[in-house]
Every structure is written in structure tokens, then in C-alpha cells.
Amino acid sequence: HAADAHRTDLMTITRYVLNEQSKYPESRGDFTILLNHIVLGCKFVCSAVNKAGLAKLIGLAGETNVQGEEQKKLDVLSNEVFIKSLVSSGRTCILVSEEDEEATFVEPSKRGKYCVVFDPLDGSSNIDCAVSIGTIFGIYMVKDSHEPTLDDVLQPGKHMLAAGYCMYGSSCTLVLSTGEGVHGFTLDPSLGEFILTHPDIKIPKKGKIYSVNEGNAKNWDGPTAKYVEKCKFPKDGSSSKSLRYIGSMVADVHRTLLYGGIFLYPADKKSPNGKLRVLYEVFPMSFLTEQAGGQAFTGKQRALDLVPTKIHERSPIFLGSYDDVEEIKALYAAEGKKE
Ligand code: P6P
């Protein structure tokens with residue numbers, strides 16, 4: 001019975017990472033321990049998000065709930081859980097969170113060799129209407145764990161060892177790359193384990209979907225406007241692309257990885273560096289996209305080559321199917337020649 005065999009051959013995320021790790025005999029399991037603590041955070045947030053409407057966790061911080069307790073917004077709660085889980089892993093030395101203005105330098109007695117940059121609950125403005133949201137994370141190796149500095153996290157995305165996201169939607173899906181392709185794991189609530197359900201995700205070379213907030217069209221620059229025009233009114237007689245925009249990066253990128261197409265958050269006159277943050281939105285999603293066979297471009301360069309100067313820096317991003325991103329790169333290159 002193939003189905004039974006499948007049920008007994010449970011490839012959990014921990015087993016997957018241990019298998020990967022066995023390729024590096026010198027490693028002492030530190031990465032597995034770090035990942036287990038990230039997974040613990042994701043399980044907690046998944047549970048809290050699913051109960052949000054019931055436990056009245058949604059709404060603004062500062063209000064009190066029926067028990068008169070100080071109510072924490074889900075993203076504040078999620079941030080606290082990830083910080084505590086990562087510090088207690090004993091494997092981190094710098095943490096950068098979308099929720100915290102300053103980086104967290106872990107106290108020496110609990111320090112390890114990894115730096116984690118993360119958005120604990122990206123898209124949290126969508127919680128109240130039950131749209132999928134997610135945690136996004138990237139992992140760097142510190143240069144010297146005795147002397148961690150901000151330089152350890154102001155590194156180009158191509159230096160990341162691993163990146164991933166956990167999407168809290170109809171199911172809880174964790175998508176991860178440690179540099180050996182992209183793999184998707186789905187939480188089996190009855191086991192409390194993430195089970196490998198999407199081995200070796202490969203993004204289609206070309207897609208039929210474009211994903212952008214058309215409401216910003218009046219502020220777009222030439223190449224973006226031209227590209228979107230091409231999606232809607234193709235000159236070569238091909239059919240126009242469909243527009244799919246959820247407004248939650250994890251959900252839009254997850255669909256792009258599985259179905260193909262292109263996700264755009266361009267610069268515009270109002271925000272010259274776009275809206276999305278380099279360290280914990282652009283880099284992890286670009287890392288995953290390239291590992292799945294796609295491309296990620298900032299309008300000027302390969303996204304993973306960007307060197308951030310501030311931990312909450314923003315960048316425009318065009319990511320997705322290889323051929324679709326190639327088209328917008330050509331439009332920006334042509335624009336560059338005119339200048
Ligand atoms: P806009 C959510 O607030 C977020 O940070 C990303 O998850 C999402 O891709 C983007 O902003 C949506 O921004 O301006 O289109 O609402």
C-alpha cells in the first residue's frame with residue numbers, strides 16, 4: 001500500500017536538515033539546533049494566528065481583552081517568541097527583526113555563530129481579514145562570534161547560508177533552502193511535525209501571472225510601466241498575463257514559486273527605494289527564487305549582490321520566472337543606455 005508506505009516514511013524537517021548536515025562531517029549539529037528553534041517559533045505563531053479571531057488577539061496593542069489582560073498585537077507577540085526562541089538556542093549572536101529598531105546582540109554566555117534576520121509576521125495588516133501571512137528569515141554566519149558587529153549582517157544576500165518563510169494560511173507551510181534547492185514542508189497538526197510535501201521546488205521558466213499593486217501605477221518609472229503594459233497588451237499576439245496580487249509577500253511569492261510568473265514591488269516617485277526591506281524580505285525571497293531556478297533583480301542589479309548599509313534598508317524587487325525577469329531587466333538596461 002503506497003499510501004501506507006508514504007505515511008510511515010515521514011521525512012520531517014529535522015530529519016531533512018540532519019540528512020543535509022551529514023554531508024558536512026565537521027559540523028556539530030549547530031545549524032540543526034538553530035533550525036529547530038526557528039521551527040518552534042513557527043509552530044507557536046501558527047497556533048496563535050489560527051486562534052487570533054477567537055482569542056481576540058487581533059486588533060491594536062494596548063487594548064485589554066475580556067480578561068482585562070494587556071492585549072499584545074500578534075506581530076509583537078510573534079517577535080517576542082522568535083527572539084526568545086533564537087536566544088535560548090545558544091546558536092545565535094546577532095538578531096535583526098522588522099519589529100525592532102536596533103539589532104539584538106546576544107549576551108556572550110548564550111552566543112553562537114549564526115546571525116538571523118527576520119520579519120516575525122509579514123503582512124500582519126492582513127490578519128483581521130484572514131488573508132495568509134508569514135514569517136520570513138535569513139541566516140548568515142558571523143565572522144568572529146567573540147566580536148559580533150553590524151557588519152556581520154550588512155552582507156549581500158549571496159552570503160546567506162539559508163533562507164525561508166513559513167506561511168500561515170489554509171495550511172502552515174514552511175519553505176526552506178540551505179543552498180541545495182528549495183523544499184516545502186507542511187505542518188501536520190496531529191503530529192506537530194513539518195512533513196516534506198514539496199521536495200525540490202522548481203519555478204516554471206516562464207509564467208502567465210504578474211503580481212503588482214496596480215494602485216501605484218501613476219508613480220511608476222518608465223521600464224516598470226512599459227513592462228506592465230506588455231503584460232496587459234502583448235504586442236507579439238500572445239495572450240495577456242493574469243493579475244494576481246494578495247498584498248502579503250509570503251503568499252504572493254509562494255504562488256510565484258509554485259505557479260511561475262513575476263512579483264514586482266517597484267520603486268516609485270513616492271518611495272524611490274520601493275517598500276520591501278532588503279535583509280528580511282528581499283534577500284530571503286530572492287535566495288529562494290534563485291535556488292528554485294528563477295531570478296531576482298532590483299532594477300539596477302542582481303538582488304543578492306546588493307550590499308545593505310542599514311539594517312532596515314529598502315529596495316525595489318522584481319522576482320520570479322527566469323524569462324519573465326529577463327524581460328524587465330532588458331527594459332531597465334535599455335533605459336540605462338538612454339541616460
Ligand atoms: P502594498 C505587507 O504589508 C507588505 O509588507 C508585504 O507583505 C506586501 O508584499 C506589501 O507590504 C504590500 O504593500 O503597498 O501593495 O499594500
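The model is predicted, with a mean pLDDT of 91 for the chain. Of the chain's residues, 91% reach a pLDDT of 70 or more. For the complex, the predictor gives an ipTM of 0.98 and a pTM of 0.93.

**The eight-strand sheet**

- Eight strands make an open sheet with mixed pairing, and their order is β2-β1-β3-β4-β5-β6-β7-β8.
- At the edges you will find β2 (104-105) and β8 (193-198), each of which pairs on one side only.
- Inside this sheet, β4 (residues 133-141) and β5 (residues 162-168) run antiparallel and are joined by seven bridges.
- To find your place in that pairing, look for Ile139, which stands opposite Ala162 in β5.
- Helix α3 (residues 30-51) lies across β1 (92-97), β3 (111-122), β4, β5, β6 (172-177), β7 (183-188) and β8.
- The direction of α3 is at about 20° to β3.

**The five-strand sheet**

- A further open sheet has five strands in the order β10-β9-β11-β13-β12, again with mixed pairing.
- Its edges are β10 (242-243) and β12 (295-297); each has a single partner strand, so one side of each has no neighbour in the sheet.
- Strands β11 (residues 262-265) and β13 (residues 317-320) run antiparallel, with four bridges between them.
- Here Phe263 is a handy landmark, standing opposite Leu319 in β13.
- Helix α6 (residues 249-259) packs on this sheet and touches β9 (209-211), β11 and β13.
- The direction of α6 makes about 150° with that of β11.
- Helix α7 (residues 278-291) lies across β12 and β13, and runs at about 30° to β13.

**Where two helices meet**

- Helix α5 (residues 222-232) packs with helix α8 (residues 322-338) at an angle of about 140°, and their axes are 9 Å apart.
- That angle makes α5 oblique to α8.
- The crossing of α5 past α8 is right-handed.
- On the α5 side, the contact is made by Pro223, Thr224, Lys226, Tyr227 and Lys230.
- On the α8 side, the residues are Asp324, Glu327, Ile328, Leu331, Tyr332, Glu335 and Lys338.
- Sorted by class, this contact of α5 with α8 holds six charged, five nonpolar and one polar residue.

Conventions: Residues numbered from 1 in each chain as written. Predicted model: local features only at pLDDT ≥ 70, side-chain atom pairs only at ≥ 80, totals over all residues. Heavy atoms only, no water. Axes fitted to C-alpha atoms, helices over the stretch in contact; angles between N-to-C directions. Parallel < 35°, antiparallel > 145°, perpendicular 65-115°, else oblique. Left-handed = near helix turned anticlockwise from the far one by under 90°. Contact = heavy atoms within 4.5 Å. Nonpolar A, V, L, I, M, F, W, Y, C, P; charged D, E, K, R; others polar. Pairing = 2+ DSSP bridges. pLDDT = per-residue confidence, 0-100.
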